[in-house]
Amino acid sequence: MIVSVNQDLCKACGICGHVCPRHIPETIEKDNKKLTTISHERIGLCLQCGHCVAVCPNHAIQVESLNEEEFVSVKALDISESEFLSFLQLRRSVRRYKDKALPREIINRIIDAAHSSPTGTGSMTTGIIVIDNPDILARFSELIFESYEGLAKILKNPVSRFFMKQKIGEKRIRTLLDFVMPGMHWYIRWYREGISNEILRDCCALLLFHCPVFEPMGSKNCLVAAYHAIMMAQVMKIGTCLNDMIPPICNRVPKIKDLLDLSDDREVHASITMGYSKYDFKRVIPRKLAEVRYLE
């Protein structure tokens, strides 16, 4: 049984079943007494997310794949909503880094935050590839620019552009033509002239978040994990930038997949450049959503 209830400890409060997204535990009446048991009809739907274990006040429920000893007690946080809002407002994307290596102890601590990220299915299939070797970063960067140079040639050809549109759709082709490639034109030029690297931004570490190709909500899981890492980096005064130009190339270029040792059954969905920020921001940039409205 994937999930089990210790009847000696269970008080049949029913909380576990209420929080379970698939209602695997269920509290029923039996012989004029409440009893929490496991649904044999739905046990195969169990996400093994651990919510039932985390919410049980009596340590009465276990999930076979999860180590109960790793469930630590919840402690109240000493942070106000104003402090947290200020923390979010102060965060900036860093695109200029110092020429200073990040110790792996810091990188690993940032990754600890990614480990704690939730997933849409309760699965733990998200992985991270860390590149902090300057030589590998240089090789990776060269392959990325070569790929975009090839893409630029394809998009200039009307026939090739037509077939690409059929393959990737109107939205993605417009994103390439209207947003990505106009800037990439200059990025490639500056890179080839030795002026700057506007993709990796001369970062000292790159984090690539990947998951199985057929993982439900896999891309979102990677993004959530990446943002957990970004927030931890902010606390540790490490600059980061979420870079969406890198993942698609990682998944489509064989040389890059070989460099990353990325198997065909996995895809990269998020990437973070990381390092010590070269400059300090002096002011908070005003930001506002396009719309917030309530339906009455």
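**View 1. The buried residues of helix α8 and the elements they pack against.** In this predicted model, the buried residues of α8 pack against α3 (81–90), α4 (104–115), β6 (205–212), β7 (239–242) and β8 (266–275). The buried residues of this helix are G218, N221, C222, A225, A226, A229, I230, M231, M232 and A233.

**View 2. The length of helix α8 and the residue just after it.** Helix α8, which covers residues 218–235, has 18 residues, and from its first C-alpha to its last it reaches 26 Å, close to the 26 Å expected at 1.5 Å a residue. Just after α8 comes K237, which takes a positive phi of about 60°.

**View 3. The aromatic pair of F145 and Y191.** The structure holds five aromatic pairs. One of them, formed by F145 and Y191, is stacked, with 3.9 Å from centre to centre and 5° between the planes. This pair links distant parts of the chain, since F145 belongs to helix α5 (residues 134–156) and Y191 to helix α7 (residues 170–192), and the two are 46 residues apart. F145 has a relative accessible area of 0%, and because buried means under 20%, F145 counts as buried.

**View 4. The cluster of W186, Y187 and W190.** Here ring pairs link three residues, W186, Y187 and W190, into a cluster.

**View 5. K100 and the ring of Y276.** In this view K100 lies over the face of Y276, at 4.4 Å from the ring centre.

Notes
Residues numbered from 1 in each chain as written. Predicted model: local features only at pLDDT ≥ 70, side-chain atom pairs only at ≥ 80, totals over all residues. Heavy atoms only, no water. Phe/Tyr/Trp six-rings, centres within 6.5 Å; stacked < 30°, edge-to-face > 60°. Helix = DSSP H or I, 4+ residues; strand = E, 2+ residues; numbered from the N terminus. Buried < 20%, exposed > 50% of the residue type's maximum accessible area, 1.4 Å probe, protein only. Lys NZ or Arg CZ within 6 Å of the ring centre and 35° of its normal. Expected span 1.5 Å × (residues − 1). Contact = heavy atoms within 4.5 Å.
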